[in-house]
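Hi everyone, thanks for making time for this one. Let me put the sequence and the structure up, and then we can walk through a few spots together.

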Amino acid sequence: MLFPLFCKSQPTYEDSLNNFLKLYVQDHEVVKGEDKKMMQFFPVSKQYRIAAAFERKKNAEWFLMNTSGSIKKEFRVYGVITFVLNDSIVHLNIYQSKYLMTTKEYSETLFIPFTDKTSGFETYGGGRYIDLLITDIRNNIYVVDFNKAYNPYCAYTTGYNCPIPPKGNDLSIAVKAGEKNYLKH
């Protein structure tokens, strides 16, 4: 009988995001075993998936981004996204790593480090990250999804040089989406 095949519901946005988060926890490289139960997330919300206007910053200067350790890392502003969240106009820099550009696997990788009003309270004080690929930006639009915001490895243990979000990416609003504080501390 074919009827049940046609009646299956399509996975919802929330279902796909919850699956994404489940895989994120399952495949985490730093948090192992039972400690994975100490990872927590805000409820998935479509409110935090936003189409943002993208503006490329051509010929941006390379600079040394501060990290949680002693080694600074070389980045440049690849571009800026602008969008409205919680009735506020938001601008976030998207960064490109000089080192990752030289690797075959990560040459197209960009990232958005940010802090917000939840940082140091509900979320890791050192900020959170969102990863993206250059190809995720289409027709000068990038769909930023804060439900995918994650903690740097420094939120779990010592010994890493995690980039610290520059002041320009410190949001004056609360972003109640993505990964929350790690409970094992």
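Which backbone oxygen does the side chain of Asn-151 reach? Please keep in mind as we go that this is a predicted model. The answer is the backbone oxygen of Lys-180, at 3.0 Å. To find Asn-151 on the screen, go to the segment after strand E7, which spans 141-145. Asn-151 counts as buried, because its relative accessibility is 1% and the cut-off for buried is under 20%. Beyond its neighbours within four places in sequence, Asn-151 is in contact with Tyr-24, Tyr-124, Gly-127, Arg-128, Tyr-156, Glu-179, Lys-180 and Tyr-182. For a sense of scale, Tyr-99 is 52 residues away along the chain, and the two C-alpha atoms are separated by 21 Å.

What does its side chain pair with? There is a polar contact to the side chain of Asp-170, at 2.8 Å. Leaving out residues up to four places away in sequence, Thr-115 also touches Gly-125, Gly-126, Gly-127, Pro-165, Asn-169 and Leu-171, along with Asp-170 itself.

On to the cores. The largest nonpolar core has 26 residues, and the members touching the most others are Ile-81, Phe-83, Leu-85, Leu-92, Ile-112, Val-144 and Phe-146. At least two residues each come from strand E1 (49-56), strand E3 (73-85), strand E4 (88-97), E5, E6 and E7. E3 is the biggest giver, with 4 residues. Take Phe-146: setting aside residues up to four places away in sequence, its contacts include Tyr-48, Ile-50, Phe-83, Leu-85, Leu-92, Phe-114 and Ile-130. Val-175, Ala-177 and Gly-178 are also among the residues that Phe-146 touches. Apart from this core lies another one, of 17 residues, with Met-39, Phe-75, Cys-162 and Tyr-182 among them.

Cys-162 brings me to my last stop. How many disulfides does a search of the whole structure find? The count is 1, and the partners are Cys-154 and Cys-162, with their sulfur atoms 2.1 Å apart. The torsion about that S-S bond is about 100°, so the disulfide is right-handed. Are these cysteines buried or exposed? Cys-154 is buried at 14% relative accessible area, and Cys-162 is buried at 7% relative accessibility.

That's my tour, so over to you for questions!

Notes:
Residues are numbered from 1 along each chain as its sequence is written. This is a predicted model: local features need pLDDT of at least 70, side-chain atom pairs count only at pLDDT 80 or more; totals for chains, interfaces and linings use all residues. Side-chain values use heavy atoms; hydrogens and water are left out. Buried means under 20% relative accessible area, exposed over 50%, partly exposed in between (1.4 Å probe, protein chains only). Contact means heavy atoms within 4.5 Å. A polar contact is a pair of N or O atoms within 3.5 Å; within protein, one must be able to donate a hydrogen and the other to accept it, and residues adjacent in sequence count only if both atoms are side-chain atoms. A nonpolar core is a set of buried Ala, Val, Leu, Ile, Met, Phe, Trp, Tyr and Cys residues joined through side-chain atoms within 4.5 Å. A disulfide is a pair of cysteine sulfur atoms within 2.5 Å.
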